[in-house]
Amino acid sequence: MSIGKRDGGPVSTKHGSTGLNAETVRRTAERHHGTATFDYGDGVFMASVMLCLDD
């Protein structure tokens with residue numbers, strides 16, 4: 001797995017294929033009145049997503 005940046009946001013790849021783009025995750029969270037944050041360092045990639053789901 002490798003982690004880099006594209007268009008100002010983190011992008012990760014695994015086994016030579018592209019994973020889910022962080023910007024896609026962020027936009028999906030925003031559509032549901034939530035947030036998405038990403039952090040990486042020391043070989044660790046963390047994603048935190050909060051969504052506001054209707055009852």
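Q: Which residues does Val-49 touch, not counting residues up to four places away in sequence?
A: This model is predicted, so local features need pLDDT of at least 70 and side-chain atom pairs count only at pLDDT 80 or more, while totals for chains, interfaces and linings use all residues. Residues are numbered from 1 along each chain as its sequence is written, and side-chain values use heavy atoms, with hydrogens and water left out. Val-49 touches Val-25, Ala-29, Thr-35 and Ala-36, where contact means heavy atoms within 4.5 Å. Val-49 and Val-25 are 24 residues apart in sequence, yet their C-alpha atoms are 8.2 Å apart in space.

Q: Why is Val-49 called partly exposed?
A: Buried means under 20% relative accessible area, exposed over 50%, and partly exposed in between (1.4 Å probe, protein chains only). Val-49 has 42% relative accessibility and therefore counts as partly exposed. This residue is found in strand S5, residues 44-50; strands (E, at least two residues) and helices (H or I, at least four) are DSSP runs numbered from the N terminus.

Q: Which residues make up the largest nonpolar core?
A: The five residues are Ala-22, Val-25, Ala-29, Ala-36 and Phe-38. A nonpolar core is a set of buried Ala, Val, Leu, Ile, Met, Phe, Trp, Tyr and Cys residues joined through side-chain atoms within 4.5 Å. Helix H1 (22-31) and strand S4 (35-41) each give two or more residues to this core, and the largest share, three residues, comes from H1.

Q: Why is the pair of Phe-38 and Phe-45 called stacked?
A: Rings of Phe, Tyr and Trp (its six-membered ring) pair if their centres lie within 6.5 Å; planes under 30 degrees apart count as stacked, over 60 as edge-to-face and the rest as tilted. The structure holds one aromatic pair. The ring centres of Phe-38 and Phe-45 are 6.2 Å apart and their planes are at 25°, so the pair is stacked. Phe-45 is partly exposed, because its relative accessible area is 27%.

Q: How do you know whether His-33 is buried or exposed?
A: His-33 has a relative accessible area of 69%, and therefore is exposed.
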